[in-house]
Each structure stands twice: as C-alpha cells, then as structure tokens.
There are 2 protein chains.
Amino acid sequence: MSANPTAAILIIGDEILSGRTIDTNVNTIAKFLSVLGVDLMEVRMVHDDEAQIIASVNAVRDVYDYVFTTGGIGPTHDDITADCIAKAFDVQISEHPAALKLLVDRATKMGWELNENSRRMARIPHGAELIMNPVSAAPGFQLGNVFVMAGVPKIMTAMLEDVAPRLRTGRQVLSRTLKLSYVGESWAADVLRDIDSRYPDLSLGSYPYGLLPGEFGTHLVVRGQDERSLDAATSELISRLEPIVAETQLRQPLAALEEV
Amino acid sequence: MSANPTAAILIIGDEILSGRTIDTNVNTIAKFLSVLGVDLMEVRMVHDDEAQIIASVNAVRDVYDYVFTTGGIGPTHDDITADCIAKAFDVQISEHPAALKLLVDRATKMGWELNENSRRMARIPHGAELIMNPVSAAPGFQLGNVFVMAGVPKIMTAMLEDVAPRLRTGRQVLSRTLKLSYVGESWAADVLRDIDSRYPDLSLGSYPYGLLPGEFGTHLVVRGQDERSLDAATSELISRLEPIVAETQLRQPLAALEEV
C-alpha cells in the first residue's frame with residue numbers, strides 16, 4: 001500500500017507473558033507510528049531472557065526500518081535489555097557520562113542518594129544516543145535503528161516525544177469507519193470484497209462488535225493514504241450497503257448505517 | 001525453571017497493528033495457560049497477510065508445544081487465517097460437514113438464511129478437529145499443535161473451554177507478591193539479586209508502580225512451582241527488606257512492606 005518506513009515492536013518482560021500485566025505499550029506506539037506514517041509490521045513479546053531478546057532484536061532489526069523495545073532498563077537483576085542490545089550489536093557497554101549526570105542531577109533534586117543499583121541505569125551500549133526521560137530521568141537509548149525504551153507506560157509515552165524527531169516519516173494512513181448496526185458482516189462481505197479488489201491502494205477491514213441477543217453489528221474500516229480515493233471508496237460503500245440495510249430493516253427495524 | 005509444556009500466541013489482524021483495537025486476547029490466554037501449567041514463551045502480532053501469517057506460524061509451531069492463533073476466521077475477504085494455516089501445513093481446505101451443520105443449525109434457530117459468505121466459515125483444513133464456539137457457532141479448529149480461534153474476545157474466551165481438555169498440563173507457576181510502598185526498586189535490588197541467584201528454581205521480578213510526586217513504590221513478585229521454596233524465599237525477602245524499609249521510614253514515614 002505504501003513506501004512508508006516500516007517498524008517492529010519488541011515487548012520485553014516476564015510480567016506480560018505471565019499474564020500479571022496487560023500490555024498497553026503496543027497500542028500507544030501503534031497510534032504514534034500511524035500518525036507519523038510509519039507502518040507497524042510486527043510485534044513480538046518475549047521473556048527477560050538474554051538469548052531470546054538477542055535473537056528477537058536481531059531477527060527484526062535487519063528486516064524493518066525501525067525497532068522499538070520496551071521494558072528491562074531499570075535497576076534490578078531482571079533488567080537485562082541494555083546488555084542484550086549491546087550483545088546483539090556486538091558492542092561494549094559502560095557507564096555513559098551524560099546518562100550518569102541525568103541520574104545524579106535527579107537524585108540531588110529529589111534529595112536522594114544515588115545508589116549503585118540506580119547507577120546501573122547509566123550503563124549504555126557504545127555508540128548509542130540517549131533518549132530523554134522527563135518523568136524519572138533514567139534515559140533510554142537509540143542504537144542504530146533500535147530505540148530502547150522503558151516499560152512503564154507513562155515513561156515510555158514520554159520517551160516517544162524524544163524519539164519522534166529522529167524518525168523518517170511517511171504518508172499517514174487515513175481511515176473512514178462505518179457502523180453497520182444490526183447487520184452481520186457476512187451480508188456486507190460481497191460489497192467489501194469487490195471494493196477492496198477495485199481499490200488496490202486501499203485496505204478494507206470488517207470488525208464485528210457486540211453479540212446476540214443484545215446489540216450487534218459490524219464496523220467497516222477503509223484505510224489508505226490518498227484522501228480522494230478513500231472518499232470515493234467510502235461513498236461507494238455507503239451507496240451499495242444502503243439497499244442491504246433497507247432489506248434487513250424489513251425483519252430488523254434497528255438496522256442502520258452511519259459514518260462514525 | 002520447569003519442564004512444563006511451552007506455547008506461543010499469534011495475534012492476527014491489521015486492526016491491532018494499526019492501533020485501532022487494543023488486544024486483550026494475549027492477557028486472557030496468558031492467564032489461562034498459567035493456570036494449566038503451560039509456559040507462554042512468545043507472542044507475535046502480524047497483519048492479515050498471507051506470507052507473514054504462514055511464516056510466523058511455521059516459525060513457532062516447530063519450536064513450542066502449542067500455538068494459539070486469534071483472528072481472521074470470519075466471513076469477509078480479510079479473513080484468511082484458515083487458508084494460511086492449510087498452506088502452512090501443506091494440506092487441502094474444504095467445507096467441513098460438521099462445521100456447516102453448526103452454522104446451518106444456528107441460522108435456523110435464529111431465523112436467518114445462511115448466506116454464501118457465512119458458509120465460508122465452514123471451510124476447515126483437512127485433518128483438523130473443530131473447536132466449539134458456544135457464542136456464535138462458527139467454529140475454530142485445531143490442526144496438529146496449532147489452535148485457531150476467533151479474534152472477538154468473548155468468542156475466543158469461550159473457545160478456550162473446548163481447548164483446555166486437549167492440552168497436556170504442567171505444574172502451575174505460583175506467585176507471591178510484595179508491595180514495597182515509597183521505596184524505589186533500586187533499594188531492594190541487592191536483596192532481590194541475591195535471593196534470585198540462591199533460589200535457582202524461582203524467578204524474582206521487580207515492577208515499579210506510580211510516579212513521583214504521588215504515590216510510588218515497587219511490586220516484587222516471586223514465581224515458582226514449588227510452594228515450599230516459594231514460601232522460604234518470600235519469608236527471607238520480607239525479613240531482609242524490613243531493615244531497608246525501617247531505614248527509609250526515617251526520611252519517608254509512609255514507607256511500608258506488605259504481602260498483597
């Protein structure tokens with residue numbers, strides 16, 4: 001559909017795979033990339049396991065333009081991401097003076113003592129550029145096309161602000177959404193398939209919502225970069241679905257179609 | 001840590017990667033597997049793209065004991081999962097009589113006509129066993145060690161009931177969680193690291209919560225299969241953290257430690 005830059009996300013953390021924590025970072029990064037016209041192609045979630053992290057990051061960093069990792073850059077023994085990234089790139093890792101200064105300044109400001117464990121968060125792979133953390137100071141870093149960020153959602157989200165200007169952007173993928181109430185998606189499928197095949201620059205999706213016996217229906221989403229094409233396909237979709245809705249209304253008066 | 005069966009999840013759908021939809025199926029399946037003693041090792045999220053689905057399912061089905069896919073088994077043009085799984089296993093796909101009967105019976109009961117698009121949902125790869133869908137009838141299927149389920153969370157969750165008895169189970173991973181209030185994780189890091197290294201059958205995790213200047217602290221999670229070992233490590237953790245909490249209380253009276 002596009003010549004946009006491509007990206008993958010690598011979510012690192014036992015707490016996600018154990019079910020203890022529900023990941024929200026994928027969705028935050030997906031929306032962030034969508035606005036910038038960077039196409040998110042793949043997500044992987046792995047354990048705090050050195051071999052798995054190294055294999056995963058190496059599997060995706062050669063294939064996609066950008067890789068975003070979250071998790072594992074704190075001060076405890078299970079925070080092994082920075083070391084793994086260094087190994088994946090075969091570079092050394094050591095205390096980064098600017099990163100240390102950020103931690104020391106923060107500790108001073110808060111009236112804390114910077115202990116040895118917190119100090120570990122200043123260890124950065126050689127050749128990496130820091131990613132600022134306005135929330136709690138401990139920085140992430142960018143090494144090549146890999147952006148290493150915190151797992152805590154508020155910190156990760158704040159770090160994206162510092163990441164954005166470094167990305168090559170593409171054409172944003174726009175979308176139109178139609179809500180087809182009380183009509184199952186199978187009744188719209190022929191029209192959808194036909195329009196999808198005749199607009200090769202667009203992608204059409206169909207997502208059922210609700211479940212009988214309550215409210216139910218289908219969200220139809222048209223996605224693409226060209227607004228004119230998007231409008232044309234959406235208009236055609238509406239005009240061809242209207243008779244289907246009218247027919248459905250004979251047995252289901254609540255059937256309706258609206259753009260949402 | 002265990003000789004439990006292993007598993008991967010494959011989340012299929014443009015709507016997840018575009019950011020339109022927040023996935024909740026990973027967390028549901030993760031918790032489901034945790035109770036059964038099946039170790040979730042990896043998650044991948046991919047587009048509604050034939051090559052990507054086939055490559056991903058083949059990458060994980062040889063490595064792990066079980067693979068769970070969600071999404072792409074509805075009636076519309078973007079529902080290509082069943083065909084992709086057939087191609088990944090190099091088997092034919094055609095209308096499955098029992099699957100068709102489920103769809104016809106449901107349509108009859110609801111007073112519907114089963115249209116050609118809905119009928120596509122009866123196409124099942126050869127050699128597969130159906131997975132029952134008590135919510136909306138259209139079945140999932142199991143082919144070899146791959147369980148193909150719906151993307152709609154309510155349906156996916158209901159399908160897990162039919163999947164559970166087919167899985168070889170392991171020893172459930174138990175956990176104890178301590179809440180360390182108003183103490184940053186770096187202060188607990190030495191104790192955690194030491195206990196983690198001395199209990200090789202357990203895994204210790206540290207997860208900061210909250211952010212200054214409001215409430216903050218750390219959840220410490222001890223995981224393992226052996227309850228006695230878990231209790232011993234948790235007791236040791238508590239007794240070694242108590243002096244740290246006491247010291248912190250001198251400058252932060254709210255510092256506390258409790259099992260939650």
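1. Helix 8 (residues 185-198) of chain B packs against helix 9 (residues 227-249) of chain B at an angle of about 155°, their axes lying 10 Å apart; helices (H or I, at least four residues) and strands (E, at least two) are DSSP runs numbered from the N terminus, and axes are lines fitted to C-alpha atoms, for helices over the stretch in contact, with angles running from 0 to 180 degrees between N-to-C directions. Helix 8 of chain B and helix 9 of chain B are therefore roughly antiparallel to each other, given that angles under 35 degrees count as roughly parallel, over 145 as roughly antiparallel, 65 to 115 as roughly perpendicular and the rest as oblique. Their crossing is right-handed, a crossing being left-handed if the near helix is turned anticlockwise from the far one by less than a right angle, and right-handed if clockwise. The contact (heavy atoms within 4.5 Å) involves, among others, Trp187(B), Val191(B) and Ile195(B) of helix 8 of chain B, and Leu237(B), Leu241(B) and Ile244(B) of helix 9 of chain B.

2. On provenance, this is a predicted model, in which local features need pLDDT of at least 70 and side-chain atom pairs count only at pLDDT 80 or more, while totals for chains, interfaces and linings use all residues. Residues are numbered from 1 along each chain as its sequence is written, chains are lettered from A and ligands numbered from 1 in the order in which they are written, and side-chain values use heavy atoms, with hydrogens and water left out.

3. Chain B also holds an open sheet of four strands in the order 10-11-9-12, with antiparallel pairing; two strands pair if DSSP finds at least two bridges between them. Strand 10 (203-210) and strand 12 (256-259) of chain B each have a single partner strand, so one side of each is left without a neighbour in the sheet. The twist averages 20° from one strand to the next. Strand 9 of chain B is joined to strand 12 of chain B by four bridges and runs antiparallel to it, and Lys179(B) has Glu258(B) in strand 12 of chain B as its bridge partner.

4. Helix 8 of chain B lies across strand 9, strand 10 and strand 11 (216-224) of chain B, and runs at about 170° to strand 10 of chain B. Helix 9 of chain B touches strand 9, strand 10, strand 11 and strand 12 of chain B, with a direction that makes about 5° with that of strand 9 of chain B.

5. In chain A, Thr218(A) belongs to strand 11 (residues 216-224) and is buried, with a relative accessible area of 0%; buried means under 20% relative accessible area, exposed over 50%, and partly exposed in between (1.4 Å probe, protein chains only). Leaving aside residues up to four places away in sequence, Thr218(A) touches residues including Leu178(A), Leu180(A), Val183(A) and Tyr207(A). Val183(A) is 35 residues from Thr218(A) along the chain, and their C-alpha atoms are separated by 6.8 Å.

6. An open sheet of twelve strands draws on both chains, in the order 6(A)-7(A)-8(A)-3(A)-1(A)-2(A)-2(B)-1(B)-3(B)-8(B)-7(B)-6(B), with mixed pairing. Its edge strands are strand 6 (129-131) of chain A and strand 6 (129-131) of chain B, each pairing on one side only. Within this sheet, strand 3 (residues 66-70) and strand 8 (residues 146-149) of chain B pair in the parallel sense over four bridges, and Thr69(B) stands opposite Val148(B) in strand 8 of chain B. Helix 7 (residues 153-163) of chain B packs on the sheet, and its direction makes about 145° with that of strand 8 of chain B.

7. In the loop between helix 7 and strand 9 (174-181) of chain B sits Pro165(B), which counts as exposed at 67% relative accessibility. Pro165(B) lies 129 residues from Leu36(B) in sequence, with 10.0 Å between them in space, C-alpha to C-alpha.
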